[in-house]
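Trainee: I would like to learn how to read a model like this one. Where do we begin?

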Amino acid sequence: MDAEALPYALDLVASSGVCLSPEKRAALRNSLLLVRRDYRFEQVRLWGRIQGIRGAYYIAEGLGPDRAGARSRLYSLNCVDWSLLPPPTEEMVTLTAGLKGRFQGDPSYEYEQPEKKEDPERPYEEEVAALIKEETRLVATIHQIDKAVGIVPRGAYVKSPLGPVHENRSFEGSWSIQVERGGRVLILRSLLWLGLTFYHVPNTKQHGYIYFGNGEKNIDLPFML
């Protein structure tokens, strides 16, 4: 969700349980515009919120001229102060794959991940506990959600002859749908990552997605289909 149109976009997905107080909406919009200025991003978006036991992570992403290029991600615990997250790596995803349960809401919290250490000189295996910071799990989870269910309408972006991908200025909605009961917005919800909502206002440039959940993959999906 673009920070510029944040109040309007949040209203579109309110039916999915994406609700913020007027105070937090104002704080998020103002602080994200400051983030765009301070980090010199071309665009800043609210990616979503991951709710932990002791607090919540508000996630934003900053984009440069190339919309398909690398994104910088930041998190805030109070909707005002933002901290830059390290870029995701496959090692982070592998390292945090076995972590289960709710996030704590504390980036410095450390999980104990048992590892089996094999010693060729000993006939038994020794378990060693590796400490993994919650910040690492946060980075890996955001990356997995984006990779699995992050979507945009076809035609919303176009690749320039020089290589970078830009927003398609002639895009006016590439979805042809029929709506009933006065429907004014198309909503898609992910069943794999519950809390991910995509929205698109037909025949307009308004589209995006936001995640409001607990950061856990829905392992019961095969039984829901």
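Mentor: Begin with the naming. Helices (H or I, at least four residues) and strands (E, at least two) are DSSP runs, numbered from the N terminus. Here Asp11 sits in helix α1 (residues 6–12). This is a predicted model, in which local features need pLDDT of at least 70 and side-chain atom pairs count only at pLDDT 80 or more, while totals for chains, interfaces and linings use all residues. Residues are numbered from 1 along each chain as its sequence is written, and side-chain values use heavy atoms, with hydrogens and water left out.

Trainee: How many helices and strands does the chain have?

Mentor: Five helices and 11 strands.

Trainee: What is the average pLDDT of the chain?

Mentor: pLDDT is the predictor's confidence in each residue, from 0 to 100. The chain averages 83, and 81% of the residues score at least 70. Over residues 175–181, pLDDT stays under 50. For that stretch the model has eight contacts (heavy atoms within 4.5 Å) beyond four places in sequence. Where pLDDT is low, the predicted coordinates should not be read in detail.

Trainee: Which side chain does Asp11 contact?

Mentor: A polar contact is a pair of N or O atoms within 3.5 Å; within protein, one must be able to donate a hydrogen and the other to accept it, and residues adjacent in sequence count only if both atoms are side-chain atoms. The Asp11 side chain makes one with the side chain of Arg25, at 3.0 Å. Now take Gln43, in strand β1 (residues 43–51). Gln43 has a relative accessible area of 9%, so Gln43 is buried. Its side chain has polar contacts with those of Asp2, at 3.4 Å, and Arg45, at 3.3 Å.

Trainee: How many aromatic pairs are found in the whole structure?

Mentor: Rings of Phe, Tyr and Trp (its six-membered ring) pair if their centres lie within 6.5 Å; planes under 30 degrees apart count as stacked, over 60 as edge-to-face and the rest as tilted. The search finds five pairs. In one of them, Tyr57 and Phe103 have ring centres 6.3 Å apart and planes at 75°, so the pair is edge-to-face. Tyr57 lies in strand β2 (residues 56–63) and Phe103 in the loop between α3 (90–96) and β5 (110–118), so the pair ties together parts 46 residues apart in sequence. Tyr57 is buried at 0% relative accessibility, and Phe103 is buried at 0% too. Tyr109 and Tyr111 also pair edge-to-face, with 5.0 Å between centres and 85° between planes. Tyr109 is partly exposed at 29%, whereas Tyr111 is buried at 9%.

Trainee: Which residues do ring pairs link into a cluster?

Mentor: Tyr57, Tyr75 and Phe103.

Trainee: Which residue lies over the face of Phe103?

Mentor: A charge sits over a ring if NZ of Lys or CZ of Arg is within 6 Å of the ring centre and within 35 degrees of the ring normal. Arg137 lies over that face, at 4.1 Å from the ring centre. Arg137 is among the buried residues of α4.

Trainee: How many residues does α4 have?

Mentor: Helix α4 (residues 134–149) has 16. The expected span of a helix is 1.5 Å times one less than its number of residues. From first C-alpha to last, α4 reaches 22 Å, close to the 22 Å expected.

Methods
Buried means under 20% relative accessible area, exposed over 50%, partly exposed in between (1.4 Å probe, protein chains only).
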